[in-house]
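Subject: Structure for you to look at

Hi there,

Here is the structure I promised to pass on. Please open it next to this email, and I will walk you through what turned up.

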Amino acid sequence: MIGSETYRAHLAEVRQVGRLHSPSRSADKTEAAHFWANDLDGTYKPPGQLLEHTSIIARQLPSQNQFDNARLFALMSMALADAGIAAWDSKFRTDVDLWRPETAIALHPTNPEPNWEPESRALDGETFSPPFPAFISGHATFAGAWAGVMKRYVGTDNFSWTATTDDPFAEGVTRSFTTFSGAAEENAIGRVWLGVHYRFDGEYSLVTGDRVAGWVIDHFLGGDPTLGADSFERTVTAGFGEADAGGPWWTGGPADAYAVNGGAGRISTPAGTGRSVYLNRIRSTDTDLRFAVSTDKPATGNGIYLTGVGRKVADAGTYRATVTIRPGDDVRLQLRRTDGTGAETPIATEQQIAGLSYEQGTVLRVRLRVVGTGPTTVRAKVWADGSAEPAWQTSATDRTGALQAAGNAGVLTYLSGSATNGPVTVELDEVDIQRVAP
């Protein structure tokens, strides 16, 4: 390793920017280095800082309750514990016993600098490097695991928060971040700016931590891809109650417009009125929504609108697929997005579904898949119950910035204002919402 060009370049970097009071290190980099340090006794140490960040973020998550917090902190604590094991196994149970930059610089074969000191120091001003091998970085492995859990739990890497530190050399300092990975990367490179690590220590550590996070998420506390599901085998007189999976249903409008009986959720929809039901505990960027739906009356006026929402981002809008049943029983399908005010914009041409007609009481099956960010891909299909599931009937990609984040899922109904037979009761059943690979 120490004969490689990478090692020489990274040693030269830390010699320059990691030295005590280095003029090559900006004030912001110095602040960041100490912000993430927390090496000294009396601080909450790196895992404690990351748990504090978790607490700050949890308070900003929509619909986060005490049970969600218990799961999040359990996942995070397991990941941080495993990250510590992975990092120190690498330090002591592999053949890579890499000295700290301070020693490497002092003993350099052609350009030794025995008086070189790192920016890392104690309260009395004495500089120090942690007394164990450099490879890999404990700080960066913790940070990689933390970011890995957060982006998987929240459903996106994009999130904004501000936090502080316990480190006495950054007292009163706050720093703001817009992505989990960005915070982790700053944590890792901050060890270079502090003079105690090489750049590649952090690079390998971030990958290690992320793999630890992936393992924890997949194997502990319900790695099941099911986000939500409901067969409606219960009786509720006002509202929808609790789904089989995914938590309680949120309902928009008067509670008595919603009921559960006879093995279905029932939504009473007057003319010119919309109704909505959401599972607000769901947060995902990669969602596959399926449901069965029927109505107790035929379409009149401009029709009946049945909408699946695959991603609802708080205060930003939705990605949705709307099935329109027209008088004459033709069925149409269109992909749309909405903004924070609810204004709709088509993102694909409306499709009249060939060979599919609708009569009152007919059960339609709807499937909507919303996956990825920057861009998001949206696909949908509708078919008659009992017939073979078709290929995707409509597809679109969209890059609307505010919607490139995790969201909830749900179902909407609307009866046109020109309808002459309202209210129409929409029956909803066999809701299944899965997290899928993008």
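A residue counts as buried under 20% relative accessible area and as exposed over 50%, with partly exposed in between. By that rule W88, at 29% relative accessibility, is partly exposed. Please keep in mind throughout that this is a predicted model.

First, the overall picture. The protein chain has eight helices and 18 strands, and its C-alpha atoms fill a box of roughly 90 × 40 × 35 Å along the principal axes. Of the 438 residues, 54% are buried. The chain exposes about 18300 Å², and carbon and sulfur atoms supply 50% of that area. If you count contacts between residues at least 6 apart in sequence, 69% of them join residues at least 24 apart.

Now to the aromatic rings. How many aromatic pairs does a search of the whole structure find? The search gives 20. One of them is formed by W88 and F142: the ring centres are 6.3 Å apart, with 35° between the planes, and the pair is tilted. This pair links distant parts of the chain, since W88 sits in helix α4 (residues 66-92) and F142 in helix α6, 54 residues apart. While W88 is partly exposed, F142 is buried, with a relative accessible area of 10%. Y198 and F200 make a pair of their own: their ring centres are 5.4 Å apart and their planes are at 5°, so this pair is stacked. Both partners are buried, Y198 with a relative accessible area of 1% and F200 with 6%. There is also a cluster in which ring pairs link F35, W36, W146, F159, W161, F177 and F180.

Leaving aside residues up to four places away in sequence, H139 touches W36, A37, D39, P46, N187 and R191.

You will find S137 in the loop between α5 (101-106) and α6, buried, with a relative accessible area of 1%. A polar atom of the S137 side chain lies 3.0 Å from the backbone nitrogen of A140. Again not counting residues up to four places away in sequence, S137 touches A87, K91, R191, H197, D201, G202 and S205.

Last, the surface. Which residues form a nonpolar patch there? They are M1, I2, W99 and L107, with about 410 Å² of accessible area together. M1 lies in the segment before α1 (5-17) and is partly exposed, with a relative accessible area of 48%.

Best wishes

Technical notes:
Residues numbered from 1 in each chain as written. Predicted model: local features only at pLDDT ≥ 70, side-chain atom pairs only at ≥ 80, totals over all residues. Heavy atoms only, no water. Helix = DSSP H or I, 4+ residues; strand = E, 2+ residues; numbered from the N terminus. Buried < 20%, exposed > 50% of the residue type's maximum accessible area, 1.4 Å probe, protein only. Contact = heavy atoms within 4.5 Å. Polar contact = N/O pair within 3.5 Å; in protein donor to acceptor, adjacent residues only side chain to side chain. Patch = residues over 30% accessible without salt bridge, like charges linked within 9 Å, V, L, I, M, F, W, Y side chains within 5 Å. Areas by Shrake-Rupley, 256 points an atom, 1.4 Å probe, with all protein chains shown as cover. Salt bridge = Lys/Arg side-chain N within 4 Å of Asp/Glu carboxyl O. Phe/Tyr/Trp six-rings, centres within 6.5 Å; stacked < 30°, edge-to-face > 60°.
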